[in-house]
Amino acid sequence: MENNRNNSNIKLDEDNLFNEFSHVEQIFKSRIHEWLKNSAKVEVKWCEIFEFTKDHNIDTTNISKIEEYSLAIPGTNAAVEWIFSTINVLWTDEKKSIFETHFKNLSCNELIDEINSAQKYTKTSKEEIDMPSSSK
């Protein structure tokens with residue numbers, strides 16, 4: 001019996017999947033104590049399971065399709081969160097130092113003059129011409 005959902009690209013034979021799961025379950029039960037004793041990682045456990053099934057000519061086509069996707073999903077997003085946190089700290093320090101060195105002792109009017117005089121914010125005559133008129 002082939003199960004094909006519209007939103008899935010994975011084609012699984014459910015009868016074979018059940019048989020594969022039964023084999024994997026037996027291997028798992030026979031190895032669990034050693035894995036716990038050695039604090040084996042998930043990927044090591046699956047490698048041992050697939051090596052055993054390969055050595056004993058046990059088909060694991062369906063389970064390997066599922067594991068391919070499940071092992072690709074990170075268990076946590078801590079690394080990404082750490083990177084964003086670090087960048088945020090660095091950028092905050094950078095912004096603070098720029099403000100302190102360039103604008104700390106300026107009055108509001110001086111700050112406006114500083115912004116207006118900056119090349120980056122000065123309009124060219126062409127830009128002034130292309131700007132739509134606000135008076136209608």
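Let me begin with a definition: a residue counts as exposed when its relative accessible area is over 50%, and as buried when that area is under 20%. Please also keep in mind that what we are looking at is a predicted model.

With that cut-off in hand, take Asn57, which sits in the loop between α2 and α3. Its relative accessibility is 73%, and therefore Asn57 counts as exposed. What is the phi of Asn57, which is not a glycine? It is positive, at about 55°. That deserves a remark, because most residues other than glycine have a negative phi.

The loop between α1 and α2, where α2 covers residues 42-55, holds Ser39. Ser39 is not a glycine either, and yet its phi is positive, again about 55°. Is Ser39 buried or exposed? With a relative accessible area of 60%, Ser39 is exposed.

Helix α1 runs through residues 14-38 and helix α3 through residues 61-70, and their axes come within 7 Å of each other, crossing at roughly 80°. Since angles of 65 to 115 degrees count as roughly perpendicular, α1 is therefore roughly perpendicular to α3.

Which residues make this contact? From α1 there are Asn16, Leu17, Glu20, Phe21 and Val24, while α3 brings Thr61, Asn62, Ile63 and Ile66.

Technical notes. Residues are numbered from 1 along each chain as its sequence is written. This is a predicted model: local features need pLDDT of at least 70, side-chain atom pairs count only at pLDDT 80 or more; totals for chains, interfaces and linings use all residues. Side-chain values use heavy atoms; hydrogens and water are left out. Axes are lines fitted to C-alpha atoms, for helices over the stretch in contact, and angles run from 0 to 180 degrees between N-to-C directions. Helices (H or I, at least four residues) and strands (E, at least two) are DSSP runs, numbered from the N terminus. Angles under 35 degrees count as roughly parallel, over 145 as roughly antiparallel, 65 to 115 as roughly perpendicular and the rest as oblique. Contact means heavy atoms within 4.5 Å. Buried means under 20% relative accessible area, exposed over 50%, partly exposed in between (1.4 Å probe, protein chains only).
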